[in-house]
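Work through the two exercises below with the sequence and the model at hand, and compare each step with the worked solution.

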Amino acid sequence: MILALFLISILSVSADSSQNKKYIEKYIAESLDLMLDRIDVYEFGCRESEIFDAIDKVMKSNPDFYYVANKFYYSLDERGIVEEITPTYTYSAAEIKNIKAYCDGEISKILFSVDGRMSDFQKALTLHEYMCENFEYDTSFKNCNMYDLLRTGSGTCQAFTLTYMELLSRAGIESSYAYSDEIMHIWNLVRLDGEWYHVDITWDNIDVGVSHKNFLLTDREILDNEHRGFVNANGVECKGERYSGTSLQSNPYKCVAFKNGVVYADNISRSVYFDLLDGSEKTLLYRIDELWEKGEGRYYANSFSSPILAGNKV
């Protein structure tokens, strides 16, 4: 009896430790990476809610776990301590090898649009624009991971978040995530020049053009954009104000990061502008006065699609 009470005491202290929580998450992630059928967690002395939180964080932080279904079973002892976790895998080891090669190839293709000469801001913007232009929101709510998004071209907010997280990581940019149970939503946190910002690609993915209303926002700004009840993972605080109030956040067109600003095509005025994002007047680079004829006396409404970056030229 004394031994049992001592063991429970040690386990309870261990489970309450923030350092131990990180170790549990690391242990579960490594076990899922090895595709273990059963994960023994009894030594941690965790209750079901603690294990659920650990698994939830692991799944939200690891884009590569597209083969792990959101279905876990637990076994409990008589005190309610979790003994084992039984994961559900959606693909075999052989299938995962091929899927991983496919995902790596698709991610590498997207990363062709960035290079080492770009600043982290330029990389984050370029990848944001690519995802908004090339992927759609999945209204069926079936495509919830990176593989689903890359394979079908559509995905839920979780698929967008995980894919952007992977792209940023491969581009050398630190990122995390924020979520809100109140609005049932998840999005990215991005670290640029030592400051954290919110980026919600799902809400910036609009039918026409590219929104930047949810790109590089502070905690206060994302809250004002109707992201109610959110929680930043790992206690991150988004206080960076470098882009607060700049014209970028109200720009509805695809932007190309160029030098210290952005270039974009305004389809209403049929003009191409350069904007330093510092409050100064934007610079007119080019204007098309002619309309593109569509035939039968009709003309296309817009003269541009969007600018692209080719080497050091737009």
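Strands (E, at least two residues) and helices (H or I, at least four) are DSSP runs numbered from the N terminus, and two strands pair if DSSP finds at least two bridges between them. The model is predicted, so that local features need pLDDT of at least 70 and side-chain atom pairs count only at pLDDT 80 or more, while totals for chains, interfaces and linings use all residues. Residues are numbered from 1 along each chain as its sequence is written, and side-chain values use heavy atoms, with hydrogens and water left out.

**Exercise 1.** Determine the strand order of the open sheet and explain which strands stand at its edges.

*Solution.* Step one: the 5 strands follow the order E9-E8-E7-E6-E10, with antiparallel pairing. Step two: E9 (215-217) and E10 (230-232) each have a single partner strand, so one side of each lacks a neighbour in the sheet. Step three: within the sheet, E6 (residues 175-180) and E7 (residues 185-192) are joined by 6 bridges, and serine 175 has valine 190 in E7 as its bridge partner.

**Exercise 2.** Locate the salt bridge partner of lysine 254 and classify the burial of both residues.

*Solution.* Step one: a salt bridge requires a side-chain nitrogen of Lys or Arg within 4 Å of a carboxyl oxygen of Asp or Glu. Lysine 254 meets this with glutamate 133, their closest N and O atoms being 3.4 Å apart. Step two: the partners are 121 residues apart, glutamate 133 lying in helix H5 (residues 120-134) and lysine 254 in the loop between E10 and strand E11 (255-258). Step three: buried means under 20% relative accessible area, exposed over 50%, and partly exposed in between (1.4 Å probe, protein chains only). Lysine 254, at 18%, is therefore buried, whereas glutamate 133, at 42%, is partly exposed.
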